[in-house]
Every structure is written in structure tokens, then in C-alpha cells.
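Trainee: I am new to this structure and would like to learn how to read it, one feature at a time. Could we look at it together?

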Amino acid sequence: MPVLDILRYPDARLHKIAAPVTVFDQALKSLVQDLAETMYVAPGIGLAATQVDVHKAVIVVDVSERRDSLITLVNPEIVESSGLSDMEEGCLSVPGIYDTLERAERIKVRAFDQTGQAFTLQAQGLLSVCIQHEMDHLKGKVFVEYLSTLKQQRIRARLAKHLRKSA
Ligand code: NI
């Protein structure tokens, strides 16, 4: 199983909108496996297919301490949300940058697993925030785009400097 390259903000491909999955085949299972492996190796608590330049509505998350509770969400859809949560977020596509965003505290998500089985998931706290963050990626949105223009400029400048250093 290959570990995939993760796109780095401000790569324009992070703004592509993911298409819904219509075929639940072996290729989808392989994608889910690769996403999970890439997330665990990174390491991160969530990864959207968008971040590896695959524009299909698939995300994987695991917010457990033991890294043994993988959740795969295909075509996720938030059907209920309530409350407000202020949590510091980071993103594998925006390394080294953390900031606090306001999100729903509790969500109810409808999705499919990789075999095409529909299910509903209730999430709160970190899992809720993580799912909302990853679902944003499927819509072409990176978390730093909720921040002020000034903060976004600073983040882009900082990431550009890092890129030059590592080049
Ligand atoms: Ni992210």
C-alpha cells in the first residue's frame, strides 16, 4: 500500500470540489486503504481524498489515542448540527500552522462505508470538528480560509519561506 503525497496549501488543486462516489469497487477500497495509511504515517487524525489529489467524496478519520478506530466516510452529509465549539485546528496540507475556529459542537452525519453500506454517525467534540474539517476539504475549502485576510497572507508567506528552505 503506497503512502501518497499530500498537497500543500496554497496548491490550487486543494480548491477542487469532490464528486460523489457512485461505484463501490476495489479501486475505492484501495483508495481508502491508501488514505488511511497516509494519514497514520503523516501522522494526522483525518485526511480527505482531495488532499492527495483524488477528487472523490471520501474521508478517513481516527481521533483515538491508540490509533485503532478508523472511520471511513464516503459521500458524507451533515444532517443535523448543534452547539458551538472553539477548537484549535491544524491540517496536513498546512504544516506547522494552528488556529482556532468556531464549528458545530455536535453533528449527525449520514454516509456510506467503503462497501456501499449506508450508516449514520453522531459525533461531538474532537471527532465532530475533525469530520467538519475534512468535509470542508471535499468542498475545496482549507481551514485557514476561515481566518482573516491578514492571517492568510502571513501563513502563505511563512509556508513559501519553508518551501524555499527545503528546496
Ligand atoms: Ni486538513
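Mentor: Let us start with a term: a polar contact is a pair of N or O atoms within 3.5 Å, where, within protein, one must be able to donate a hydrogen and the other to accept it, and residues adjacent in sequence count only if both atoms are side-chain atoms. In this structure, the backbone nitrogen of Ala48 lies 3.3 Å from a polar atom of the side chain of Glu134. Before we go on, please keep in mind that this is a predicted model, in which local features need pLDDT of at least 70 and side-chain atom pairs count only at pLDDT 80 or more, while totals for chains, interfaces and linings use all residues. Residues are numbered from 1 along each chain as its sequence is written, and side-chain values use heavy atoms, with hydrogens and water left out.

Trainee: Where does Glu134 lie, and which residues does Glu134 touch?

Mentor: Helices (H or I, at least four residues) and strands (E, at least two) are DSSP runs, numbered from the N terminus, and Glu134 lies in helix H2. Contact means heavy atoms within 4.5 Å; not counting residues up to four places away in sequence, Glu134 touches Gly46, Leu47, Ala48, Gln51, Ile59 and Val61.

Trainee: How far from Glu134 is the nearest side chain of opposite charge?

Mentor: Buried means under 20% relative accessible area, exposed over 50%, and partly exposed in between, with a 1.4 Å probe and protein chains only. Lys and Arg count as positive and Asp and Glu as negative, whereas His and the chain ends are not counted. A salt bridge is a side-chain nitrogen of Lys or Arg within 4 Å of a carboxyl oxygen of Asp or Glu. With these in hand, Glu134 is buried yet has no salt bridge, and the nearest side chain of opposite charge, that of Arg103, is 8.3 Å away.

Trainee: How many salt bridges does a search of the whole structure find?

Mentor: The search finds 8 salt bridges. In one of them the side chains of Asp136 and Arg103 meet at 2.8 Å, N to O, and this pair links distant parts of the chain, with Asp136 in helix H2 and Arg103 in strand S5, 33 residues apart. Both Asp136 and Arg103 are buried. Asp136 also forms a salt bridge with Lys139, where the closest N and O atoms are 3.6 Å apart; salt bridges that share partners join Glu89, Arg103, Asp136 and Lys139 into one network. Lys139 itself is exposed, with a relative accessible area of 51%.

Trainee: Which residues form the salt bridge with closest N and O atoms 3.7 Å apart?

Mentor: That salt bridge is formed by Asp68 and Arg66. Asp68 counts as partly exposed at 48% relative accessibility, whereas Arg66 is exposed, with a relative accessible area of 70%.

Trainee: Which residues coordinate the nickel ion?

Mentor: In reading such a site, donors are N, O and S atoms within 2.8 Å of the metal (3.2 Å for Na, K and Ca), and water is not among the atoms, so sites may look incomplete. Here the nickel ion is coordinated by Cys91 through SG and by His133 and His137 through NE2, at 2.1 to 2.2 Å. Along the chain these donors follow the spacing C-x41-H-x3-H. Because Cys91 lies in the loop between strand S4 (85-89) and strand S5 (99-103) and His137 lies in helix H2 (residues 125-138), the pair ties together parts that are 46 residues apart in sequence. Cys91 counts as buried at 10% relative accessibility, and His137 counts as buried at 0%.

Trainee: Where is the place of Ser93, and is Ser93 buried or exposed?

Mentor: Ser93 is in the loop between S4 and S5, and Ser93 is buried, with a relative accessible area of 0%. The side chain of Ser93 makes a polar contact with the side chain of Gln51 at 3.0 Å. Leaving aside neighbours within four places in sequence, Ser93 is in contact with several residues, including Ile6, Leu7 and Tyr9.

Trainee: Which residues of H1 are buried, and what covers them?

Mentor: An α-helix has 3.6 residues a turn, so residues three or four places apart point the same way. The buried residues of H1 are Leu28, Leu31, Val32, Asp34, Leu35, Ala36, Thr38 and Met39, and what covers them includes strand S1 (46-48), strand S2 (58-61) and strand S3 (71-82).
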